[in-house]
Amino acid sequence: MSNINFSEEMIMVLEDAKNIALHYHYKQIGTEHIFLAIVRFPEESYTKQLLSKYSISFEKLQYEIENMLANHDEEEIDPEKITYTIQANNILRSAALHARSLLNPLVEPQHFILATLKEGPAASNNVVKAILNQMGIGYQSFLAKIKNEN
């Protein structure tokens, strides 16, 4: 992923996602770790402002994701050996395409969410997309909110 230009905020999100995965003893960083890092990011983040338009409780969302992650049983992993899941890699690449289509030279957390929401029906194991959809957040509505803000 060295060819993707991430914003400073997204770099911080990805670093936190790695720490989350390590904390819960995951061998790979998944979309759920990245999403939790976005949810845990300070309130003033643009992406959280967009998500707050859906009247969601970030505390409740964080609690639910952390409980889901806590039900994982693996041994500790060497931080130098942790990688991204195939799904997370694909979504991050797709996020770069979304950023470009919105004329943004950097990948931001909102692009990650867009790419997650856009992922096709074959991705039935996409926990983050299921959570977002359950909260009433769909691809078209989230894209519209981004375009309305620009």
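Student: Which helices do the buried residues of α8 pack against?

Tutor: This is a predicted model, in which local features need pLDDT of at least 70, side-chain atom pairs count only at pLDDT 80 or more, and totals for chains, interfaces and linings use all residues. Residues are numbered from 1 along each chain as its sequence is written, and side-chain values use heavy atoms, with hydrogens and water left out. Helices are DSSP runs (H or I, at least four residues), numbered from the N terminus, and contact means heavy atoms within 4.5 Å. The buried residues of α8 pack against α3, α5 and α6.

Student: Which residues of α8 are buried, and why do they count as being on the same side?

Tutor: Buried means under 20% relative accessible area, exposed over 50%, and partly exposed in between (1.4 Å probe, protein chains only). The buried residues of α8 are Y139, F142, L143 and I146. They lie on the same side of α8 because they cover an arc, taken from the directions from the helix axis to the C-beta atoms, of only 100°.

Student: Which residues are exposed on the other side of α8?

Tutor: The buried side of α8 holds Y139, F142, L143 and I146. On the other side, the exposed residues are Q140 and N148.

Student: Is H111 buried or exposed?

Tutor: H111 is found in helix α6. Beyond its neighbours within four places in sequence, H111 is in contact with A95, H98, A99, L102, N104 and L106. Its relative accessibility is 2%, so H111 counts as buried.

Student: Is S55 buried or exposed?

Tutor: S55 is placed in the loop between α3 and α4. Its C-alpha atom is separated by 9.0 Å from that of M135, 80 residues apart along the chain. At 69% relative accessibility, S55 counts as exposed.

Student: Over the face of which residue does K145 lie?

Tutor: A charge sits over a ring if NZ of Lys or CZ of Arg is within 6 Å of the ring centre and within 35 degrees of the ring normal. K48 lies over the face of F58, at 4.5 Å from the ring centre. K145, at 4.9 Å from the ring centre, lies over the face of Y54.

Definitions and conventions:
Helices (H or I, at least four residues) and strands (E, at least two) are DSSP runs, numbered from the N terminus.
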